[in-house]
Amino acid sequence: MAVAACSQLPAYSHYEHIDGENWRRDDTVTFQTVVRDSASYRLTLGLRATNAYPYTQLSLDVGIHSAAGTQHSPVTVDITDPDGEMKGSGTVIRHYDMPLSSLTLRSNDTLTVSVTHTMSRFSLPGITDIGLTVEQ
């Protein structure tokens, strides 16, 4: 007798690669999807970085735009622990997940999420990818 686990796939999951692993402050990463079902959705921001990233934290501005309105939130990612060792999962490229928010969307609503870094340095080395996952 076989037992199968039921796992719901994300409504949306996508990563954008940062060209040259050098993310400029004026390079906004944007994700857009249309949701199929009326439901409450959890948003999670994903980040991939190498040890070329020169800081202990990464400060972001995340804009969430939907039929329910627009909100901008500052998000801070701890890249290293207090000893300077990179956190996150992986070896050469570290992966970080940051829960953003939950929001209720209606069927066929468009969700747009924009991400920019707000660090003092204009161009950040070591950031390879930014992603978004939307789950019911």
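Colleague: Why is the pairing between the side chains of Asp129 and Thr128 called a polar contact?

Modeller: The two side chains lie 2.9 Å apart. A polar contact is a pair of N or O atoms within 3.5 Å, one able to donate a hydrogen and the other to accept it within protein, and residues adjacent in sequence count only if both atoms are side-chain atoms. The contact of Asp129 with Thr128 joins side chain to side chain at 2.9 Å, so the term applies.

Colleague: On what basis are such values given?

Modeller: This is a predicted model, in which local features need pLDDT of at least 70 and side-chain atom pairs count only at pLDDT 80 or more, while totals for chains, interfaces and linings use all residues. Residues are numbered from 1 along each chain as its sequence is written, and side-chain values use heavy atoms, with hydrogens and water left out.

Colleague: What makes residues 127–135, where Asp129 lies, a strand?

Modeller: Strands are DSSP runs of E with at least two residues, helices are runs of H or I with at least four, and both are numbered from the N terminus. Residues 127–135 form strand 10, which holds Asp129. The chain has ten strands and zero helices.

Colleague: Why does buried Asp129 have no salt bridge?

Modeller: A salt bridge requires a side-chain nitrogen of Lys or Arg within 4 Å of a carboxyl oxygen of Asp or Glu. For Asp129, the nearest side chain of opposite charge is Arg48, 4.0 Å away, and no salt bridge is assigned. Here Lys and Arg count as positive and Asp and Glu as negative, whereas His and the chain ends are not counted.

Colleague: Which residues is Asp129 in contact with, leaving aside its neighbours within four places in sequence?

Modeller: Contact means heavy atoms within 4.5 Å. Asp129 has contacts with Tyr15, Glu16, His17, Ile18, Gly46, Leu47 and Arg48. Arg48 is therefore a contact of Asp129 without being a salt-bridge partner.

Colleague: What makes the pair of Asp26 and Arg24 a salt bridge?

Modeller: Their closest N and O atoms are 2.8 Å apart, and that value falls within the 4 Å limit. The side chains of Asp26 and Arg24 are also joined by a polar contact of 2.8 Å. In general, side chains of opposite charge can pair when their charged atoms come close.

Colleague: How do you know that Arg24, Asp26 and Asp27 are linked in a network?

Modeller: Arg24 also forms a salt bridge with Asp27, with closest N and O atoms 3.9 Å apart. Arg24 thus takes part in both bridges, and the three residues are linked. The structure holds four salt bridges.

Colleague: Why is Asp26 called partly exposed?

Modeller: Buried means under 20% relative accessible area, exposed over 50%, and partly exposed in between, using a 1.4 Å probe and protein chains only. Asp26 has 45%, so it is partly exposed. Arg24 at 37% and Asp27 at 33% fall into that class too. Asp26 lies in the loop between strand 2 (22–24) and strand 3 (29–34). From Asp26 to His117 there are 91 residues in sequence, yet 8.4 Å in space, C-alpha to C-alpha.

Colleague: What makes Asp109 buried?

Modeller: The relative accessibility of Asp109 is 10%, under the limit for buried, so the label holds. Its salt-bridge partner is Arg106, with closest N and O atoms 3.9 Å apart. Arg106, at 54%, counts as exposed.

Colleague: Why does Thr33 count as buried?

Modeller: Thr33 has 11% relative accessibility and is therefore buried. Thr33 sits in strand 3. Residues up to four places away in sequence aside, Thr33 touches Tyr12, Asp109, Thr110 and Leu111.

Colleague: Why is Asn108 called exposed?

Modeller: Asn108 has a relative accessible area of 57%, over the limit, so it is exposed. Asn108 belongs to the loop between strand 7 (94–105) and strand 8 (110–117). Its phi is near 75°, a positive value in a residue other than glycine.

Colleague: Of the 136 residues, what share count as buried?

Modeller: The share is 40%. Among contacts between residues at least 6 apart in sequence, 78% join residues at least 24 apart. The C-alpha atoms fill a box of roughly 45 × 45 × 25 Å along the principal axes.
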